[in-house]
Amino acid sequence: MTRKLLAIEGGQPTIDYVFEKFNTIGIEEEKSVREVIKTGNLSNFLGRWDNNFFGGPKVLEFENQLKKYFKVQNAVVVNSWTSGLVTALGSVGIQPGDEVIVSTWTMSATATAILQWNAIPVFADIEDDTFCIDPVSIENNISPYTKAIIAVDIFGQSSNMDKILAIAKKYNLVVVSDAAQAPGSFYKGNPTGTLAHVGGFSLNYHKHIHTGEGGIIVTNDDFISEKLQLIRNHAESVIGSKSTTNLPNMIGNNFRLGEIECAIGIEQLKKLDSIVSRKQEIAQALTERLNELDGLITPVVRENCTHSYYVYPLKINLEKIAASRERIVDALRAEGIPGLSKGYANIHMLPMYQSKIAYGNSGFPWTSDICRREISYQRGICPTAENLHESTFFSFALCAYELYDNDIDLIYDAFKKVWGQLKFK
Ligand SMILES: *Cc1c(COP(=O)(O)O)cnc(C)c1O
């Protein structure tokens, strides 16, 4: 029998068509958008203390549905989850120079939100199996100036909330959950993102459900919720007439979400459970087969938790395989598998952190008096994340495609073909 020539070496690719893009926008959304347009009222927000300070009918309806779905006291929608992260950190009273511990394995906005309040990001390493922030690294990074932890529920599963909440209690810290990628998954029976003091989700068009752009903030704390609503909508000009006496971080923004987006969001939320179930089915089908391949490490799901597979993460065991991750992923791509990425973010390695130039050019906030100790962003502070990024981690953008059984079969065939030609140690 002749070996099948790999596509990267000039052979026929396993997959010779383009996968269908994932799309959840249908006639339900179209119908509800038409209804909003007919009213002529695309946003009902008023930036002064008034009934309409909290937004229009679709904003309120969407927030009510979100409260029920996520089983929380309060839901506040905003125009992106980046805005949501800024709002969330302001709402918990972050002060200039406070240190906030954040996972380096995340989207850049998680850490930028800290800088927006002139606070100091301190990067923690991740767990080697789930890729979520490592509680041991959190504790190692605590200083007298630490105020909060941002736990990122990366790729679709929750961080280790039992341990993180215990650390927060011990050191009197606030916990914020960035569950942008994990709506519809559960941590020990609780919706991911809801166990923190404040948490939230992204509604950008890459995520499981979306409104084009948008974000959801959730909290069981009414005081925090009030601050969220103020920061969302021009706080400084409202607090006088609202008789708010607690002034810290009452710098407001226009982070309001429109009526059209909320009308879409209401329909999208109804679909979330079935979308997540389908992603889980696909992931399970992939995992069952890929587990047969020596030296390939399939996703690990935390005990008593579920994963929503925004991203399907994989690792190569270099103790078994005598080929680089680069070579393997290039070969898989050549076979026609789309949406493969080598490595993932190490936010501390971005130029802004490496050169400590954020606001202006003199090193603010790190060189200013508000920053009370030397903060290191040197390579080496997050060895697990760095090593995964540089040599063993790769992923498949599971949420980006509408995958049918035939696609899954061919993904497996492509892996099998590449694995058939690997050298093992
Ligand atoms: C998508 C994402 C964000 C940002 O959300 P936007 O709605 O795009 O602003 C933040 N954190 C993580 C982990 C994300 O995946």
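**Questions on the predicted model**

Modeller: The model is predicted. Leaving aside neighbours within four places in sequence, D330 is in contact with I8 and K342.

Colleague: In which helix is the place of D330, and does D330 count as buried or partly exposed?

Modeller: D330 has its place in helix α10, which covers residues 325–334. Its relative accessibility is 29%. The limits that apply are under 20% for buried and over 50% for exposed, with partly exposed in between. D330 therefore counts as partly exposed.

Colleague: What distance separates the C-alpha atoms of D330 and N190?

Modeller: Along the chain, D330 and N190 are 140 residues apart.

Colleague: What does the C-alpha trace span along its principal axes, and what percentage of the residues count as buried?

Modeller: Along the principal axes, the C-alpha trace of the chain spans about 80 × 55 × 40 Å. Among contacts with a separation of 6 or more, 70% are accounted for by residues 24 or more positions apart. Of the 425 residues, the share that counts as buried is 56%.

Colleague: How do helix α1 and helix α9 lie to each other, roughly parallel or roughly antiparallel?

Modeller: The axes of α1 (residues 27–39) and α9 (residues 259–290) come within 9 Å and cross at roughly 155°. The crossing is right-handed. Angles over 145 degrees count as roughly antiparallel. The two helices, α1 and α9, are therefore roughly antiparallel.

Colleague: Which residues make the contact of α1 and α9, and how many of the residues are charged?

Modeller: From α1 the contact draws on E28, E29, S32, V33, V36 and I37, and from α9 on E259, I260, A263, I264, E267, Q268 and K271. These residues divide into six nonpolar and two polar, while the number that are charged is five.

Colleague: At what angle do the axes of helix α3 and helix α4 cross, and what term describes α3 in relation to α4?

Modeller: The axes of α3 (residues 81–91) and α4 (residues 108–116) come within 9 Å and cross at roughly 45°. That angle makes α3 oblique to α4.

Colleague: What is the handedness of the crossing of α3 and α4, and how many residues of their contact are charged?

Modeller: The crossing of α3 and α4 is right-handed. T82, L85, V86 and L89 of α3 meet A109, T110, A113, I114 and Q116 of α4. The residues of this contact comprise six nonpolar and three polar, and the charged count is none.

Colleague: Which residues does a cis peptide bond join, and where is the place of P365?

Modeller: The cis peptide bond joins F364 and P365, with omega about 5°. P365 has its place in the loop between α11 (351–355) and α12 (383–392).

Colleague: What phi does K356 have, and is K356 counted as buried or exposed?

Modeller: K356 lies in the loop between α11 and α12. Although K356 is not a glycine, its phi is positive, at about 50°. At 18% relative accessibility, K356 counts as buried.

Colleague: What phi does N249 have, and is N249 buried or exposed?

Modeller: N249 has its place in the loop between α8 (235–242) and α9. N249 is not a glycine, yet its phi is positive, at about 60°. With a relative accessibility of 15%, N249 counts as buried.

Colleague: In which strand is S395 found, and which residues does S395 touch?

Modeller: S395 is found in strand β13, residues 393–396. At 5% relative accessibility, S395 counts as buried. Not counting residues up to four places away in sequence, S395 touches V311, Y312, P313, L314, G339, L340 and S341.

Terms used:
Residues are numbered from 1 along each chain as its sequence is written. This is a predicted model: local features need pLDDT of at least 70, side-chain atom pairs count only at pLDDT 80 or more; totals for chains, interfaces and linings use all residues. Side-chain values use heavy atoms; hydrogens and water are left out. Axes are lines fitted to C-alpha atoms, for helices over the stretch in contact, and angles run from 0 to 180 degrees between N-to-C directions. Helices (H or I, at least four residues) and strands (E, at least two) are DSSP runs, numbered from the N terminus. Angles under 35 degrees count as roughly parallel, over 145 as roughly antiparallel, 65 to 115 as roughly perpendicular and the rest as oblique. A crossing is left-handed if the near helix is turned anticlockwise from the far one by less than a right angle, and right-handed if clockwise. Contact means heavy atoms within 4.5 Å. Ala, Val, Leu, Ile, Met, Phe, Trp, Tyr, Cys and Pro count as nonpolar, Asp, Glu, Lys and Arg as charged, and the others, Gly among them, as polar. Buried means under 20% relative accessible area, exposed over 50%, partly exposed in between (1.4 Å probe, protein chains only).
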